[in-house]
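User: I have a structure to read and want to learn how each feature is judged. Please take me through it step by step.

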Amino acid sequence: MLKFRRIPTTLAEVVHQVIDDLRLENKYFVEVDIPDDIGIPAPSVALSEWITALVKQASDQMRNGGELTFIGWESEQTCELEIADSGRDLRHRNCEVPRAVQLAGGNLRWNNCPQGGVAVTLSIPKRYAQRQAA
């Protein structure tokens, strides 16, 4: 389990914490494109565990290094995080939605990237974050 040095308040902070804890920049070229004003759409520990699980799935497909890109955005209803890698395509992957993501009302979508690899998009409804804060 990841331990936060300080409690993150934004999606970007959670992603950077996972990157640091897993030492991803030592293994991969990592790029992060997440606006600093996107809040956390789920409890930070749960969110970091979901991101960690998705990164580990990507890492399994890139044993000799590669690229990881994190892109975040939000709409009125959802907060979304895409994690793209340069590993093998979807035919070689087990794409299951973790039960914890389902319970949060979120979902995952996988797509092959045009340049190779796979992008998985984690979509979490904002109402989940509001429900957790109540």
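User: How does the radius of gyration of the protein compare with that of a compact globule?

Analyst: The radius of gyration is taken over C-alpha atoms, and the globule rule is 2.2 Å times the number of residues to the power 0.38. For 134 residues the rule puts a compact globule near 14 Å; the protein has 14 Å, so the two agree. Along the principal axes, its C-alpha atoms fill a box of roughly 45 × 30 × 25 Å. This is a predicted model: local features need pLDDT of at least 70, side-chain atom pairs count only at pLDDT 80 or more, and totals for chains, interfaces and linings use all residues. Residues are numbered from 1 along each chain as its sequence is written, and side-chain values use heavy atoms, with hydrogens and water left out.

User: Which elements does the protein have, and in what order do they run from the N terminus?

Analyst: Elements are DSSP runs, numbered from the N terminus: helices are H or I with at least four residues, strands are E with at least two. Here there are four helices and five strands. The order is α-β-α-β-β-α-β-β-α.

User: What share of the residues is buried?

Analyst: Buried means under 20% relative accessible area, exposed over 50%, and partly exposed in between, with a 1.4 Å probe and protein chains only. Of the 134 residues, 46% count as buried. Contact means heavy atoms within 4.5 Å. Among contacts between residues at least 6 apart in sequence, 64% join residues at least 24 apart.

User: Which residues of helix α1 are buried?

Analyst: Start with the general idea. An α-helix has 3.6 residues a turn, so residues three or four places apart point the same way. In α1 (residues 11-21), the buried ones are Leu 11, Ala 12, Val 14, Val 15, Gln 17, Val 18 and Ile 19. They pack against β1 (29-33), α2, β2 (67-74) and β3. After α1 comes Arg 23, with a positive phi near 50°.

User: Is Arg 127 buried or exposed?

Analyst: Arg 127 counts as exposed, because its relative accessibility is 53%. It lies in helix α4 (residues 126-133). Thr 78 is 49 residues from Arg 127 in sequence, yet their C-alpha atoms are 8.1 Å apart.

User: How many cavities of 30 Å³ or more does the search find?

Analyst: On a 1 Å grid over the protein atoms alone, a cavity is a set of points where a 1.4 Å probe fits but cannot get out; a pocket is an open set with protein on both sides within 12 Å along at least five of seven lines; lining residues have an atom within 4 Å of a point. Grid points are joined across faces, edges and corners, and a volume is the space filled by probe spheres set on the points. The search finds one cavity of 30 Å³ or more. The largest cavity holds about 40 Å³. Its lining is Leu 11, Pro 41, Leu 47, Cys 79, Glu 80, Leu 81, Leu 122 and Ile 124. Two or more lining residues come from each of β3 (78-85) and β5 (118-125). β3 gives the most, with three.

User: And the largest pocket: what is its volume, in Å³?

Analyst: About 180 Å³. It has 15 lining residues, and the closest to its centre are Gln 57, Ala 58, Arg 93, Asn 94 and Trp 110. α2 (44-60), β3 and β5 each supply at least two. α2 gives the most, with four.
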